[in-house]
Amino acid sequence: MTSSELWTSATADRYDAEENEMSSAAVLGPTLSFLAELAGDGRALEFAIGTGRVGVPLRERGVPVVGIELSKHMAAVLRRKIDEDMLPVVVGDMATTVIPGEFTLVYLVYNTITNLLTQDEQVECFRNAARHLTPGGRFVIEVGVPPLRFLPPGQVAVPFDVSERHIGFDTFDLVEQILVSHHLTRDGDDGRYRRGNSRHRYAWPAELDLMARIAGLELERRVADWNGAPFTQDSAKHISVWRKPA
């Protein structure tokens, strides 16, 4: 078991509704095209597949997909959408769980690498990806750039969403590279808010590149979004592609 926090049944059941924007055609279209091109005629393995936001439509595009998911509750929500024989899912952690066979693509989206709360576990995640890849295969990660530029001296919190139904902010432990995302979400119209939080270990792109080198992978491409915009010092996130040498 890794240090990743487990999703509960209640959180899994409302996940898709709360992340509705991330399931829109505007978001998913470029994501699926990017991943399908890298998968080619081979199989894809999604680490932390969750409720299948990406894995299910990628399978519907004709890419054979297998998933690893730590939360049995999240996997149960996915199973309501697609049969096991169409998209197999193994309940386990993405740092150590091994799936039989090889894949041309292993991918990990939406900041989920940060769910592993230690550097050692993140390194093992890269090694596990490399373990599953066929020679020439790719490992893809989508993750935010730590927003530390927004921290003035003495401040430890950065807001990332202030809207009618949700207030979100991150607090930072700069020594341990841990951020905690805090959420106040309005439930219904009675004025009540539900409070939640989750812990994450952030890492800079250069640290992730070193993890990849330890795992025997080489950086092939880094862009700012799924449409392929250039990655710059002002980019809020990056899509990074590492290749296993042939």
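Me: Let's start with Val145: what does Val145 touch, not counting residues up to four places away in sequence?

Reply: Val145 touches Trp204, Phe231, Ser235, Ala236, Lys237 and His238. Contact here means heavy atoms within 4.5 Å. Keep in mind that this is a predicted model, where local features need pLDDT of at least 70, side-chain atom pairs count only at pLDDT 80 or more, and totals for chains, interfaces and linings use all residues. Residues are numbered from 1 along each chain as its sequence is written, and side-chain values use heavy atoms, with hydrogens and water left out.

Me: Why does Val145 count as buried?

Reply: Buried means under 20% relative accessible area, exposed means over 50%, and partly exposed is in between (1.4 Å probe, protein chains only). Val145 has 19% relative accessibility, so Val145 counts as buried.

Me: Where does Val145 lie?

Reply: In the loop between E5 and E6. Those labels are DSSP runs numbered from the N terminus, with helices (H or I) of at least four residues and strands (E) of at least two. Strand E5 covers 133-144 and strand E6 covers 157-162. Across the model, Val145 and Gly188 are 43 residues apart in sequence and 33 Å apart in space, C-alpha to C-alpha.

Me: Which loop holds Leu151, and what makes Leu151 buried?

Reply: Leu151 is also found between strand E5 and strand E6. Its relative accessible area is 16%, so Leu151 is buried. Beyond four places in sequence, Leu151 touches Val156, Ala157, Val158, Phe172 and Leu174. From Leu151 to Glu121 the gap is 30 residues in sequence and 27 Å in space, C-alpha to C-alpha.

Me: What makes Asp170 buried or exposed?

Reply: Asp170 has a relative accessible area of 10%, so Asp170 is buried. Asp170 sits in strand E7, residues 166-173. Leaving aside neighbours within four places in sequence, Asp170 is in contact with Val156, Ala157, Val158, Phe160, Leu179, Val180 and Ser181. Lys81 is 89 residues from Asp170 in sequence and 32 Å away in space, C-alpha to C-alpha.

Me: And Leu117: how do you know whether Leu117 is buried or exposed?

Reply: Leu117 comes out at 10% relative accessible area, so Leu117 is buried. You'll find Leu117 in the loop between E4 and H5. What Leu117 touches, not counting residues up to four places away in sequence, is Ser3, Ile178, Arg199, His200 and Arg201. The C-alpha atoms of Leu117 and Gln177 are 60 residues apart along the chain and separated by 8.9 Å.

Me: Why is Asn111 called partly exposed?

Reply: Its relative accessible area is 30%, so Asn111 is partly exposed. Asn111 belongs to the loop between strand E4 (103-108) and helix H5 (119-132). Asn111 has a positive phi of about 70 degrees although it is not a glycine.

Me: What about Ala48: why is Ala48 partly exposed?

Reply: With a relative accessible area of 24%, Ala48 is partly exposed. Ala48 is in the loop between strand E1 (44-47) and helix H3 (55-60). Phi of Ala48 is near 55 degrees, a positive value in a residue other than glycine.

Me: Which domains does the assignment give?

Reply: Domain 1 is 9-145 + 203-244 and domain 2 is 148-198, with bounds from an automatic or database domain assignment. The contact takes eight residues from domain 1 and six residues from domain 2. The domain centres, taken over C-alpha atoms, are separated by 25 Å.
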